[in-house]
Number of protein chains: 2
Amino acid sequence: MNNKKYALGVDLGGTNIKLGFVSDKGEIISSSMVTTNREGGPQEVISQLKKGISEVLLKEEIKIEGIGIGAAGSVSSKKGTVSNPPNVPGWGVVNLVKIINEEFNLPVYIDNDANVAAIGEMLYGAGKDYNSFALITLGTGVGGGLILNRKIYQGNTGAAGEIGHISIDYNGRLCNCGSKGCVEAYVGNHYLMDIVKEELGKHQDSKILKIINNNTNLLTPKIINEAASVGDKYALQIIERVGFYVGVALSSVSNLLDIDTFIIGGGVSAFGTPLINSIKKTIKKNVLKTLKNRIKVVPAMLKNEAGIVGSSSLVFYNS
Amino acid sequence: MNNKKYALGVDLGGTNIKLGFVSDKGEIISSSMVTTNREGGPQEVISQLKKGISEVLLKEEIKIEGIGIGAAGSVSSKKGTVSNPPNVPGWGVVNLVKIINEEFNLPVYIDNDANVAAIGEMLYGAGKDYNSFALITLGTGVGGGLILNRKIYQGNTGAAGEIGHISIDYNGRLCNCGSKGCVEAYVGNHYLMDIVKEELGKHQDSKILKIINNNTNLLTPKIINEAASVGDKYALQIIERVGFYVGVALSSVSNLLDIDTFIIGGGVSAFGTPLINSIKKTIKKNVLKTLKNRIKVVPAMLKNEAGIVGSSSLVFYNS
């Protein structure tokens, strides 16, 4: 053994529950997965969660300091509760911290997936060297976590960081939250694919259509990326535009919070360097003079394992 | 005497320097004013500042705990510096805290005018009962101060709170900061008056034109308010629209920071209840579900004296 400490990180997603033993340096020692079975309602999800944790605790003989859980939806890290996660029927408000703590008699911490990713990036990833930054996760939704002076900023009820619901056009696209012009309504995965589907008619020469054999149901950010990587103009234009929309929202965040560092994660961030460059260019163009030369936009370093590593880091962050 | 404590609050504005003895309950004991003489450059402004402070210190025999300064422009409360305040030739960066401390041998604190107003509202005004809120000052510019968990949030360099430079339309009105769609470019005093001037041609029956005798150079928010108070439709429409634009920007702030309380100050806030109602209606309509029922929008309580009282409060806030 060594003098490292360990924690169990649990990434409670809509489809799968991912679990991992992680050191206090962010190294994954082992990982596993069980299905979430969300259609079975809260009792089933809790049962799967307990099952997953029991199995890894039995398999590994390493002593752990505690369990950290990252969950989708509205999470109160103070109360330990998860409220109405997307697509789990009959959930309501469930105190997962209490349930898991009583079952395993270990310290348990919880936060929402974006905050957990932000804490992970701060401790082990792209945010190590920065006092304050915003993490943006570009996926089905557009989430965010705010690190202010090396602390996660939770807000009054733990709901802070909703970067996706910054409006970039008061008369813009309708968002499923009911508001207009939310940046999520432009770059959230489904919205973005809808926009591309609509526009592809005008871009018959785009390599995207070839790759998907004209079947627009096959459209994914990955496909767009593939087309862009061989120089497809329309694909590159999409990426440029995603960067622009995200950049406009982040310019407002930068001006409001005097934050100069942005870490970009989530599936859509697979657009890579062209996306990062477009975001950076837009922010630098739009922020106040004193911020322009300080703006840094970097990709997240914890990729697929962001959930597990970030969740485990809650244990070390809080203790 | 009593067991109250006192401080000297100094409101360093572009035209006047206002000074006041203020108790730690926010009561103004006495106040005075000298001109800023900004055209004389930094030496002249500093000399006026010293003169104003000397005079009140000589006149009053109350012991004070320190001097608090609220200044326009870019202020670093940590370093004690004011950088390039608007319209003072040759200013550069001046360490006012050091200069005033050396002259009067008293603790000296400084912050920008919006932060100082926010601290004042937190300690003595409309923010007394709230953990977190945003103060918005609607004037020539649109400023802001963020109180998060009973602390002023300064950001990396003290520049946080620039609510006026949240973009509400990525393709909108050009702001003098160089960006597009900043809420200041819609509701900042000069911008707003420009919009009204343009539109008045289409509102020949508006009472505004009667009040100003068709001389649009006389337009002020006060005139619009006068017309609105006797039911002028166009004037009421302007106020409604100002509330809408401000509300859109504050909805983004609310979603981002999980803040539910907004305090509205500054000259344009003289529009009063119709403005407050319009801001509130817009925020409630646009924010995420969990915030809707918590939204509070209230007028600032410290009006003309916000600068003096707020500045004095820096002494008690920091000590």
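## Close-up views of the predicted two-chain model

**View 1. The contact between chain B and chain A.** In this predicted model, 32 residues from chain B and 32 residues from chain A make up the contact. On the side of chain B that touches chain A, helix α8 (residues 233-257) of chain B gives the most, with seven residues. Sorted by class, that side of chain B has 13 nonpolar, 15 polar and four charged residues.

**View 2. The rotation that relates chain B to chain A.** Chain B is superposed on chain A by a rotation of 180°, with 0.0 Å of shift along the axis and an RMSD of 0.0 Å. This is the relation of a two-fold axis. Both copies use the same surface, since 100% of the contact residues of chain B recur in chain A. Which residue of chain B comes closest to the rotation axis? B:Asp169 does, with its C-alpha at 2.0 Å.

**View 3. Helices α7 and α8 of chain B.** Helix α8(B), which gives seven residues to the side of chain B that touches chain A, also packs on helix α7 (residues 221-229) of chain B. The two helices pack at an angle of about 120°, and their axes lie 7 Å apart. Angles of 65 to 115 degrees would count as roughly perpendicular and those over 145 as roughly antiparallel, so α7(B) and α8(B) are oblique to each other. Their crossing is left-handed. From α7(B), the contact takes B:Ile224, B:Ala227 and B:Ala228. These meet B:Ala235, B:Leu236, B:Ile238 and B:Ile239 of α8(B). By class, the contact has seven nonpolar residues, with no polar and no charged ones.

**View 4. Helices α1 and α2 of chain B.** Helix α1 (residues 41-59) of chain B packs with helix α2 (residues 96-104) of chain B at an angle of about 40°, and the axes are 11 Å apart. Angles under 35 degrees count as roughly parallel; α1(B) and α2(B) are therefore oblique to each other. The crossing of α1(B) and α2(B) is right-handed. On α1(B), the contact is made by B:Ile46, B:Lys50, B:Ile53 and B:Leu57. On α2(B), B:Ile99, B:Ile100, B:Glu103 and B:Phe104 take part. This contact has six nonpolar and two charged residues, and no polar ones.

**View 5. The two domains of chain A.** The domain assignment divides chain A into domain 1 (6-119 + 305-318) and domain 2 (128-299). The C-alpha centres of domain 1 and domain 2 of chain A are 27 Å apart. How many residues of each domain are in contact with the other? Twelve residues of domain 1 of chain A are in contact with 13 residues of domain 2 of chain A. On the side of domain 1 that touches domain 2, the elements giving two or more residues are β5 (74-76) and α3 (113-124) of chain A. The largest share of that side, six residues, comes from α3(A). By class, the side of domain 1 that touches domain 2 has six nonpolar, four polar and two charged residues.

**View 6. Helices α3 and α11 of chain A.** Helix α3(A) packs with helix α11 (residues 306-318) of chain A at an angle of about 75°, with the axes 7 Å apart. Angles of 65 to 115 degrees count as roughly perpendicular, which makes α3(A) roughly perpendicular to α11(A). Helix α3(A) brings A:Asp113, A:Val116, A:Ala117, A:Ile119, A:Gly120, A:Leu123 and A:Tyr124 to the contact. In α11(A), the residues they meet are A:Ala306, A:Gly307, A:Val309, A:Gly310, A:Ser311, A:Ser313, A:Leu314 and A:Tyr317. By class, the contact has nine nonpolar, five polar and one charged residues.

Key
Residues are numbered from 1 along each chain as its sequence is written. Chains are lettered from A and ligands numbered from 1 in the order in which they are written. This is a predicted model: local features need pLDDT of at least 70, side-chain atom pairs count only at pLDDT 80 or more; totals for chains, interfaces and linings use all residues. Domain bounds come from an automatic or database domain assignment. Two residues are in contact if their C-beta atoms, placed from the backbone, lie within 7 Å. Helices (H or I, at least four residues) and strands (E, at least two) are DSSP runs, numbered from the N terminus. Ala, Val, Leu, Ile, Met, Phe, Trp, Tyr, Cys and Pro count as nonpolar, Asp, Glu, Lys and Arg as charged, and the others, Gly among them, as polar. Axes are lines fitted to C-alpha atoms, for helices over the stretch in contact, and angles run from 0 to 180 degrees between N-to-C directions. A crossing is left-handed if the near helix is turned anticlockwise from the far one by less than a right angle, and right-handed if clockwise. Copies are superposed by least squares on the C-alpha atoms of residues with pLDDT of at least 70 in both.
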